[in-house]
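Please examine the sequence and the model displayed below.

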Amino acid sequence: MGTLTLRLPDDLDNRLTRFAKSEDISRSELARAALEKFLLDAERERIMSEMTVAFRALATNPKARAESLAIAEEFLPLDIESLEISEGRKPGEPLPEESGEGWWK
């Protein structure tokens, strides 16, 4: 395991100490958890930014947009079937409200 030496302003050091004590965890454990969360959030934000750039590029490319819409239409019946199964219905079976039954039954 690596070691990190860190200098903290007094007010941050005091807050860290108080919080760690109130949660009954060590300062090191709290710092590790905070760093882990920060890095996960930063990585997620970077990935989302990259995906947004890629999606915008695809959305503005007429050929790519047309291909995406065609693929979505092709998979729509499978999406509907999956939704029906996840709702406990057999594929093609009407919704309870369509058959006169209430959702509360």
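Arg-44 is joined to Asp-41 by a salt bridge, with 3.3 Å between the closest N and O atoms; the term denotes a side-chain nitrogen of Lys or Arg within 4 Å of a carboxyl oxygen of Asp or Glu. This is a predicted model, in which local features need pLDDT of at least 70 and side-chain atom pairs count only at pLDDT 80 or more, while totals for chains, interfaces and linings use all residues. Residues are numbered from 1 along each chain as its sequence is written, and side-chain values use heavy atoms, with hydrogens and water left out.

Both Arg-44 and Asp-41 belong to helix H2, where they stand three residues apart, about one turn of the helix. Helices (H or I, at least four residues) and strands (E, at least two) are taken as DSSP runs and numbered from the N terminus. Asp-41 also meets the side chain of Lys-37 in a salt bridge of 2.7 Å, N to O. Lys-37 and Asp-41 likewise both lie in H2, four residues apart, again about one turn of the helix. Side chains of opposite charge can pair when their charged atoms come close.

How exposed is Asp-41? Asp-41 counts as partly exposed because its relative accessibility is 33%, given that buried means under 20% relative accessible area, exposed over 50%, and partly exposed in between (1.4 Å probe, protein chains only).

The structure holds five salt bridges, and another of them connects the side chains of Arg-46 and Glu-50 at 3.2 Å, N to O. Arg-46 and Glu-50 are four residues apart in helix H2, so about one helical turn separates them. Arg-46 is partly exposed, with a relative accessible area of 43%, and Glu-50 is partly exposed at 47%.

Together with Met-48, Met-51, Phe-55 and Leu-58, Ile-47 makes a nonpolar surface patch of about 460 Å². Patches are made of residues with over 30% relative accessible area and no salt bridge; like charges are joined within 9 Å, and nonpolar side chains (Val, Leu, Ile, Met, Phe, Trp, Tyr) within 5 Å. Ile-47 itself is partly exposed, with a relative accessible area of 38%.

The discussion now turns to the preceding helix. Helix H1 (residues 10-23) has 14 residues, which at 1.5 Å a residue should span 20 Å; its end C-alpha atoms are 20 Å apart, so the two values agree. The expected span is 1.5 Å times one less than the number of residues. After H1 comes Asp-24, in the loop between H1 and H2. What is the phi of Asp-24? Asp-24 has a positive phi of about 55° although it is not a glycine. Most residues other than glycine have a negative phi, and most peptide bonds are trans. Asp-24 counts as exposed, because its relative accessibility is 70%.

Two pairs of C-alpha atoms give distances across the chain. Ala-31, in helix H2, is partly exposed at a relative accessible area of 28%. Its C-alpha atom is separated by 8.4 Å from that of Leu-16, 15 residues apart along the chain. Glu-87 lies in the segment after helix H3 (62-86) and is partly exposed, at 44%. Glu-87 and Glu-36 are 51 residues apart in sequence and 37 Å apart in space, C-alpha to C-alpha.

Taken as a whole, the protein has three helices and zero strands, and its elements run α-α-α from the N terminus on. Its radius of gyration is 26 Å, well over the 13 Å that the globule rule gives for 105 residues, so the protein is more spread out than a compact globule. That radius is taken over C-alpha atoms, and the globule rule is 2.2 Å times the number of residues to the power 0.38. Along its principal axes the C-alpha trace spans about 65 × 50 × 25 Å. Buried residues make up 7% of the 105 residues.

Finally, confidence is expressed as pLDDT, the predictor's confidence in each residue, from 0 to 100. The mean pLDDT of the protein is 89, and 94% of its residues reach 70 or more. Confidence is highest in H1, at a mean of 96, and lowest in H3, at 89.

How values were computed: Areas by Shrake-Rupley, 256 points an atom, 1.4 Å probe, with all protein chains shown as cover.
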